[in-house]
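Hello,

Here is the structure I promised to pass on to you. Have a look at it first, and then read my notes below.

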Amino acid sequence: MSEPCFESLVDTLRPFLPKGGCSAESCVSMGLRVFAGGSYLDLSAIHGIGRSAFYNSVWDFTDAVNAASSMDICLPLADPVWRARTAALFQRRQDSPFNNILGAFDGIAIKQTAPSCSEVTCVADHYCRKGLFALNTQAMCEANFEFT
Amino acid sequence: MSCLNPGSVHDATAFACSRFGAWAFSASDELAVRLISEGYCFVGDEAYVASELVAVPWPGRTMDDPWKDGNNFYQSSARIHIEQAFCQLVWRMGIFWRPLKVPVHKRPVVAQTAFKLHNFCRRHDVEGLGHLSDSSDSAVDPRSLIGCCDGVDVATSPRRSRQRSNLRERMTSVVEKQGRRRPPVHTYSN
């Protein structure tokens with residue numbers, strides 16, 4: 001992520017991050033690194049905070065992302081300009097004969113650890129045909145690879 | 001996006017359980033009727049059930065019919081976007097490289113956050129797609145895809161060969177009208 005992009009994200013999330021504690025920049029930095037696959041061992045050492053404070057910051061970041069309306073995943077189907085632009089983009093990206101496509105959707109199995117019996121009613125339900133415990137996620141995207 | 005279902009649920013069921021899926025299959029409100037009348041649709045793979053808003057490929061072997069095959073090919077080209085989007089998401093979000101270890105009730109929230117961050121990165125780190133958004137030279141008017149929906153019922157049978165879809169037939173007729181076949185595969189010989 002570029003620096004301007006990071007600063008833009010911090011500005012977007014700042015109103016939704018709790019006051020006090022670590023700075024908005026640190027909170028966003030830690031959250032991004034966790035979502036990028038970073039370990040709490042490295043990150044808590046880099047930011048100089050303990051494990052519980054680290055995880056609190058990460059959940060604050062997660063809550064802020066979900067609270068920010070500007071980051072909502074939306075599908076503006078009622079907007080005729082969006083419809084025409086999206087359909088034309090699908091057509092031009094693939095030199096397709098169709099200019100009526102507004103989105104492509106599919107599912108992805110997100111790997112997860114086996115849930116415990118106390119967390120779910122049936123653990124076997126979470127075991128998918130790919131031979132792993134997973135979360136079935138359905139998503140749709142535009143021709144510019146943004147999820148809608 | 002929807003991540004309400006566990007991994008054992010079939011894609012078609014998970015999609016039908018999602019808010020968008022339920023809306024697309026019911027197609028009862030004014031917006032859905034308008035989209036159908038303007039010929040718009042969403043494309044999915046053969047795992048999903050065809051409807052007037054959901055375009056899926058013809059089932060089975062279609063090599064004998066070049067227009068059905070062409071329809072499947074160009075629909076597949078559109079579906080590449082979602083496959084690439086998933087690849088970009090997983091490549092960007094290393095949290096998906098290993099099994100999620102957070103409590104079960106927080107996993108959908110984590111997934112949703114990752115999708116939102118992906119969108120944010122796409123919007124702020126990608127430039128130069130503006131020139132692709134010009135729709136002035138569209139080859140086909142979406143309204144040309146409007147067809148009479150009377151007389152063809154969308155079957156509810158899970159057997160793909162029995163599913164009827166006006167949308168799929170109209171899209172195939174567009175492929176035929178434009179003479180667009182699957183591009184030939186060139187082989188190199190010494």
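Let me start with strand β1 (residues 101-111) of chain A, which is mostly covered, since 9 of its 11 residues are buried. Strands here are DSSP runs of E with at least two residues, helices are runs of H or I with at least four, and both are numbered from the N terminus. A residue counts as buried if 20 or more other C-beta atoms lie within 10 Å of its own, as exposed if 12 or fewer do, and as partly exposed in between, with C-beta atoms placed from the backbone.

Before going on, please keep in mind that this is a predicted model: local features need pLDDT of at least 70 and side-chain atom pairs count only at pLDDT 80 or more, while totals for chains, interfaces and linings use all residues. Residues are numbered from 1 along each chain as its sequence is written, and chains are lettered from A and ligands numbered from 1 in the order in which they are written.

Which strands pair with β1(A)? Strand β2 (residues 134-141) of chain A runs antiparallel to β1(A), joined by 8 bridges. Strand β2 (residues 41-43) of chain B pairs with β1(A) in the parallel sense over 3 bridges.

Next to look at is F42(B). Leaving out residues up to four places away in sequence, F42(B) touches several residues, including L102(A), F105(A), M140(A) and L53(B). Contact means that the C-beta atoms, placed from the backbone, lie within 7 Å. F42(B) is also, with C41(B) and A114(B), one of the residues with the most contacts inside the largest nonpolar core, which has 77 residues. Such a core is a set of buried Ala, Val, Leu, Ile, Met, Phe, Trp, Tyr and Cys residues joined through C-beta atoms within 7 Å.

Now for chain A as a whole. Chain A has 5 helices and 2 strands, in the order α-α-α-α-α-β-β along the sequence. Its radius of gyration is 20 Å, well over the 15 Å that the globule rule gives for 148 residues, so chain A is more spread out than a compact globule. That radius is taken over C-alpha atoms, and the rule is 2.2 Å times the number of residues to the power 0.38. Buried residues make up 39% of chain A.

Enjoy exploring!

Definitions and conventions
Pairing = 2+ DSSP bridges. Contact = placed C-beta atoms within 7 Å.
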